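Here's a quick briefing to read alongside the model. Have a look at the structure first, then work through the points below.

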Amino acid sequence: MGLGSDMAQRTLDRLLNAIEGDGRLDRPGHRLEKGLAFAENLLGVTRGRARGLLHGVWLGHPLHPVLTDLPIGSWTAALVLDLTGQRRAARTAVGVGIAGALAAAATGLHDWQHTHDNARRIGMVHGTLNTLALGLYGWSWLQRGRGHHLRGRLAALLGYPVIMASGFLGGTLVFRHRIGVDQSGRQHEPLGFTPVLADRDLTDDRPRRVRAGDVDVVLVRADGRIHALENACPHLRGPLSDGWLRDGALTCPWHGSRFELSSGESLNGPATAPVPCFQTRVRDGWIEVRRAPVAATAPPGSALVRQQEVRP
Ligand code: FES
């Protein structure tokens, strides 16, 4: 690694550490969170559906990072179009970017309200930079519409490094803080049936934490069936065994994601990935679990499938 890149990395690290350690961001963050919760409650019965929509549960993937490509791509296009003197097309690109940025803001705020500590502070600065960039591009769009092309170009030129810096912080949230990443530990699941609990010790409708090999598993007996899911919520590893059952789904105690018992599918956000499920059986009075076959979910030839193929 060169000296220059070493220095750049150290500088960025120092900058990120400074943001993460800045407690002054907590008070406005707390106020914003309360405002968001209030706005969410106004949605009444549609709240759950809106939540799932904004988090990207319907997509099986967080929606926010998908939408952020729109402003970044459009505003990059606007920069090139400005350089080549294509005024009308540049204004259109700025406008498309603004629409995308508003959609990205709605989804990002929704994801942010379920973060904590350092990630929450990075998210605050990320959001502030996005707001600044949105303001600059909004002004740019207006100025262009009034025929002040030079002012419009200047505002866009100022907004571009702001959105790039914000994009860097967005990446930090994913790669450093694992926000939006599936946090379940599916690679350690037991491949053969493993006894975990005496059958008589599992009470109806009461989640119970057990250990299967290296993995924490939550057992639930509901409607005469025994379900087994990994105990860590895919969102931020909340302990599902501390959660509760409602309408046949297991609710995470930390931020309220609900998971279907048989499939582990997320029914609302913030978790968008499913919880890994286990097969269960009762032998000699013991509940046994093993990883559910992965062939249906993993691509043929993947590491997980190969791993399973070598076991009887
Ligand atoms: S840890 Fe956030 S919903 Fe479970």
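UniProt, in an unreviewed entry, puts the feature "transmembrane region" at residues 92-110, 122-142 and 154-175; its annotations may be inferred rather than shown by experiment. Keep in mind that this is a predicted model, where local features need pLDDT of at least 70, side-chain atom pairs count only at pLDDT 80 or more, and totals for chains, interfaces and linings use all residues. Residues are numbered from 1 along each chain as its sequence is written, and side-chain values use heavy atoms, with hydrogens and water left out.

**Annotated stretches**
- Residues 122-142 are 100% helix and 0% strand, with the end C-alpha atoms 30 Å apart (helices are DSSP runs of H or I, at least four residues; strands are runs of E, at least two).
- Residues 154-175 are also 100% helix and 0% strand, and here the end C-alpha atoms sit 32 Å apart.

**Arg144**
- Arg144 belongs to helix 6 (residues 117-145).
- Arg144 is buried, at 5% relative accessible area (buried means under 20%, with a 1.4 Å probe and protein chains only).
- A polar atom of the Arg144 side chain is 3.3 Å from the backbone oxygen of Gly152.

**Two domains**
- The domain assignment (automatic or from a database) gives domain 1 (2-175) and domain 2 (194-307).
- Their centres, taken over C-alpha atoms, are 35 Å apart.

Key: Buried < 20%, exposed > 50% of the residue type's maximum accessible area, 1.4 Å probe, protein only. Polar contact = N/O pair within 3.5 Å; in protein donor to acceptor, adjacent residues only side chain to side chain.
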